[in-house]
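Please look over the sequence and the model before reading on.

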Amino acid sequence: MEEPVTGYFDRVETQTLTGILLSGGIAVLPTDTMYGFHCISSCPSAIREIEKLKGGCGRRGFILLASGIGMVERFVPGWPRGVRDTLCGIWPAPLTAILPSGKDLDPLVSPGGGFAVRVPSSSLLRRLISSVDVPLVSTSVNRSGMRPLTRIREIRRMFPSLPAYISQRGRHGVTPSTIVDFTV
């Protein structure tokens with residue numbers, strides 16, 4: 001097995017992470033809120049691998065991270081009244097929107113006709129998402145029902161076989177994003 005890619009997000013080449021993700025790999029990356037498992041949303045086998053790592057995701061599904069509103073629009077068949085303009089005024093931010101889902105979304109991302117999506121505040125993360133040109137599937141780094149892990153060291157110990165463990169400078173939090181359901 002190759003040595004995993006490690007380092008601070010601002011020091012790791014976007015091209016390196018893009019290659020890992022486009023080849024179906026899973027990367028641990030910092031988000032606005034906590035460390036997450038990430039893969040491209042167009043790779044069902046990687047999404048299933050994340051589900052396996054977590055020990056199942058239940059009926060909640062995973063969150064998508066998009067580079068901007070234009071990427072989100074690819075998956076929304078029709079915007080609820082005023083929602084697009086509202087989100088344009090808020091994003092990028094740690095706000096996750098539940099929107100009606102259209103085609104081409106994996107059932108683990110879109111359970112029950114809606115999907116959760118966020119445009120993250122991190123310009124590094126948005127640049128990475130733009131480079132893969134599809135949303136990233138994202139979920140906290142933990143086994144289902146357990147607390148999210150906050151240190152790369154403990155993440156590598158619990159999940160030792162991933163191709164990338166990217167850290168953030170300083171202490172990373174465990175506060176989830178605010179979730180607003182715009183489907184009702």
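## Overall make-up

The chain holds six helices and nine strands; helices (H or I, at least four residues) and strands (E, at least two) are DSSP runs, numbered from the N terminus. This is a predicted model, in which local features need pLDDT of at least 70 and side-chain atom pairs count only at pLDDT 80 or more, while totals for chains, interfaces and linings use all residues. Residues are numbered from 1 along each chain as its sequence is written, and side-chain values use heavy atoms, with hydrogens and water left out.

The C-alpha trace spans about 50 × 30 × 30 Å along its principal axes.

Nine strands form an open sheet in the order E1-E8-E2-E3-E7-E4-E6-E5-E9, and the pairing is mixed. Two strands pair if DSSP finds at least two bridges between them. At the edges are strand E1 (5-8) and strand E9 (178-181), each of which pairs on one side only. From one strand to the next, the twist averages 30°.

Strands of a sheet pair through backbone hydrogen bonds, either parallel or antiparallel. Strand E2 (residues 27-30) and strand E8 (residues 164-167) pair in the parallel sense, over two bridges. Val 28 has Tyr 165 in E8 as its bridge partner.

## Helix H1 and its neighbours

Helix H1 (residues 14-22) packs with helix H5 (residues 123-132) at an angle of about 50°, their axes being 9 Å apart. Axes are lines fitted to C-alpha atoms, for helices over the stretch in contact, and angles run from 0 to 180 degrees between N-to-C directions. H1 and H5 are therefore oblique to each other; angles under 35 degrees count as roughly parallel, over 145 as roughly antiparallel, 65 to 115 as roughly perpendicular and the rest as oblique.

In H1, Thr 14, Leu 17, Thr 18, Leu 21 and Leu 22 meet Arg 127, Leu 128, Ser 131 and Val 132 of H5, contact meaning heavy atoms within 4.5 Å. H1 also lies across E1, E2, strand E3 (35-40), strand E7 (136-140) and E8, and runs at about 65° to E3.

## Backbone in two loops

Most residues other than glycine have a negative phi, and most peptide bonds are trans. The peptide bond from Trp 91 to Pro 92 is cis, with omega near 0°; Pro 92 lies in the loop between helix H4 (83-90) and strand E5 (95-100). Asp 133, in the loop between H5 and E7, has a positive phi, near 65°.
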